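Here is a report on one protein chain.

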Amino acid sequence: MKPISFRPLLAVLSLTIAAGTSAAPAVPDSSTALLGFTAEGATAQRALERRFDAQLSANEMRDWLKHLSAEPNQVGSPHDKANAEFMLSLFKQWGWDARIERFDVLYPTPKEVSVELVAPTAFKAALHEPPVAGDASSGLPGALPPYNVYGADGDVTGELVYVNHGMPDDYKELARHGVDVKGKIVIVRYGGGWRGLKPELAYEHGAVGCLIYSDPRDDGYFAGDTYPKGGWRPAEGVQRGSVAKMMVYPGDPTTPGYGSTPNAKPLAIADAKTLLKIPVLPISYADATPLLQALGGPVAPESWRGALPITYHIGAGPAKVHMAVKSDWNRKSIYDVIATIKGAQEPDRWIVRGNHHDGWVFGAWDPLAGTIAELGEAKAIGALVKSGWKPKRTIVYASWDGEEPGLLGSTEWAETHAKELRQKAVLYLNSDTNARGFLGAEGSHSLQHLVNLAAADVTDPEKGVSVLERRRAAVRVAGAQPDAKPETRENAKIAAQGGDVPIGALGSGSDYSAFLEHLGIASVNLGFGGEDDNDGIYHSRYDSFDHFDRFGDPGFKYEVALAQVAGRIVMRTADADLLPMRFGDFSATLDRYVAQLHKLADDERKKADEQHKLLDAHDYELVSDPTRPVAPPERLSDVPAIDFAPLDAAAKALHASAQAFDAAYAASGSKPSAKQSAQINELMGRMEQALTDPDGLPGREWFKHMIYAPGLLTGYGVKTVPGVREALEARDWQGADKYAAITAKVLDGYRAQLDKLTALLQEGKR
Ligand SMILES: [Zn+2]
């Protein structure tokens, strides 16, 4: 669902990939020890991995992609179901114990959509993506019209107002220009924040309808040559997408916290808290241009202007728009493919690997480029098992349906099997879109070393160095950019030290949410990207096989590379004597987050003081041009002292405990007795759950992880230590105090578990 945003990092590199090469590249045998293995165990594991690599074929992955993306495969389409059945047959053929789990979910599909300018001139939006020369599938039937799923039905007419990205600060700016949106239709551009927030904020400010368009500045001709000459968004291309309030809870809006199994009792549609109240439609820049051109009122502030050849005005009016959406609100079936290989020694500890298979139309990039890597891994693992390999722990491979509308397949499955997953799952590994470029990795920081070790053992197809060294270079170059964010600069500094390259934290936007943020299962998300032109066709009809074959990864070598990294993580976690986790990495990262929170409070205090001085001196009035008046900004509240003391103390105590654990783990040589290992792994596999609080985050109890969450206002973007950080950002100072204490308590519980583990390891030594 989420495009990988590792760009723009480096100039596009010259390529010498021959299309259709099949064998995986040779892998350098790293001499470093493998976390959780004895020295002999590590040698055997790396030998196993070489046999795994030999099974991977870029040609075969290319064939799978062509087959899977041959017809539209959105939820409810015949091809989506056929793809699930095709993959089921592959898993079975490869020796997996596989089945399809069906869920019946609320998934509205558009029956009628229309947008027209009714004054001062008439114009009817096409709302259609025409076929493109050289793209074989672009004219095929079977797609839904471009729409935003889970918007409301409605038939509304109103004056038009342009609100930039439609984010909270944009409405503040709008107010300074004396314009409001009550009873009006807003038009906003994509970008600046999560799509679903745009119509929600429009509704909260009184608008009756919302149009979201793709400005060519972001992913059209301003960014690069448009499709089919280049890969970027053509004038008629539309970004579809979900607008359900997934940061309240993802999954079927009518079954929060429980699975949409055939016997489940769903809520009435009116009681579903994640559905929007006003109609919303995504439109192309071809359709948006006449609407924006017809706006009068003040000229838009400079930062609001895109790359269309017009003067951007705010309105309201004289442009008047009529829009209508009418949907079929019937429930539809989704099909998750679940395949299992039972572990030989610890069958009740599971390693779960997933990628979704539904797309918005053909979905070649998103998600099928990740799906084919996952299939490659499954085939290779199946072959290893047939030739005698017995993984210690159980491996579960899942191909999710219904991710695009709101993480439906993964969430419903995780909710249905919540109890068993909390007992058994020790890792969830996700991927989604994948293409040429650098390895992106985010996840639970206790897994940071595992990810780094796997990336160190896989060769980058373009540069011949390890994908870890390429990632390190990308992180360092990103940190050296003049506009780099403080966190990016900090990551670059750590990467420059030569040890592990930091992994990012997970927000949302793909199928790991239910595992990490609802159940508290340690999770990782992987994907290559950054040298591709994906943004331009994201969620459009042009996300096709032909587009991917030209602009995504012409040699399919990065799908092989993804399978190599993901396969190593899965097999090492399945085979290690002790689970490959390091808690010092988590605690060091937490220390950074806590320092950020202190700085955030200090910065807000400074900002408020400075603004108050300007307001008290009437400086805003003095600089306002009387012919184009702009009102002073609203006065910021004073920032009191925040009580960070409990959080500081918890982080400090955890730091000491985590170091003691890591030392005891290293000293154990990964060879306690089998009985002790089982006891240690039992506890270690559930450590991440100790970071959850049953009461969850304020206003969204489904999200139980107290360290990682998607932002209420950022949607996909992560907020770390979310209870505290979001309270500070919302200027809810009491909330910040409250959640500093709650988070500290959770961290104290986590530390107590860790101390128990350390004691077990030390006993094992004696
Ligand atoms: Zn996706």
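At what angle do helix 2 (residues 58-68) and helix 16 (residues 545-552) pack, and how far apart are their axes? The angle is about 145°, and the axes are 9 Å apart. This is a predicted model, in which local features need pLDDT of at least 70, side-chain atom pairs count only at pLDDT 80 or more, and totals for chains, interfaces and linings use all residues. Residues are numbered from 1 along each chain as its sequence is written, and side-chain values use heavy atoms, with hydrogens and water left out.

**Overall dimensions**

The protein chain holds 23 helices and 18 strands. Helices (H or I, at least four residues) and strands (E, at least two) are DSSP runs, numbered from the N terminus. The C-alpha trace spans about 80 × 60 × 55 Å along its principal axes. For 766 residues, a compact globule would have a radius of gyration near 27 Å; the chain has 26 Å, which agrees. That radius is taken over C-alpha atoms, and the globule rule is 2.2 Å times the number of residues to the power 0.38.

**Helix packing**

Two packed helices are described by the angle between their axes and the distance between the axes. Axes are lines fitted to C-alpha atoms, for helices over the stretch in contact, and angles run from 0 to 180 degrees between N-to-C directions.

| Helix pair | Crossing angle | Axis distance |
|---|---|---|
| Helix 2 and helix 16 | about 145° | 9 Å apart |
| Helix 2 and helix 3 | roughly 150° | within 10 Å |
| Helix 14 and helix 18 | roughly 150° | within 13 Å |

Start with helix 2 and helix 16, which pack at about 145°. Arg62, Leu65 and Lys66 of helix 2 touch Phe545, Phe548 and Asp549 of helix 16 (contact: heavy atoms within 4.5 Å). The residues of this contact are three nonpolar, no polar and three charged. Here Ala, Val, Leu, Ile, Met, Phe, Trp, Tyr, Cys and Pro count as nonpolar, Asp, Glu, Lys and Arg as charged, and the others, Gly among them, as polar.

Helix 2 also meets helix 3, with axes within 10 Å and a crossing of roughly 150°. That makes helix 2 roughly antiparallel to helix 3; the term covers angles over 145 degrees. Trp64, His67 and Leu68 of helix 2 make the contact with His79, Asn83, Phe86 and Leu90 of helix 3. The residues of this contact are four nonpolar, three polar and no charged.

The axes of helix 14 (residues 486-496) and helix 18 (residues 583-616) come within 13 Å. Helix 14 and helix 18 are therefore roughly antiparallel to each other. Glu487, Glu490, Asn491 and Ile494 in helix 14 meet Arg592, Tyr593 and Gln596 in helix 18. This contact has two nonpolar, two polar and three charged residues.

**Two open sheets**

Strands of a sheet pair through backbone hydrogen bonds, either parallel or antiparallel. Two strands count as paired if DSSP finds at least two bridges between them.

Strand 15 pairs with strand 16 (residues 523-530) in the antiparallel sense over seven bridges. There, Gly437 stands opposite Gly530 in strand 16.

Strand 2 (residues 109-119) and strand 3 pair in the antiparallel sense over two bridges. Glu116 stands opposite Lys124 in strand 3.

**Backbone details**

Most residues other than glycine have a negative phi, and most peptide bonds are trans. The peptide bond from Ala119 to Pro120 is cis, with omega near 0°. Pro120 sits in the loop between strand 2 and strand 3. The bond from Tyr227 to Pro228 is also cis, with omega near 10°. Leu407 has a positive phi of about 55° although it is not a glycine. Leu407 lies in the loop between helix 9 (403-406) and helix 10 (408-416).

Terms used: Parallel < 35°, antiparallel > 145°, perpendicular 65-115°, else oblique.
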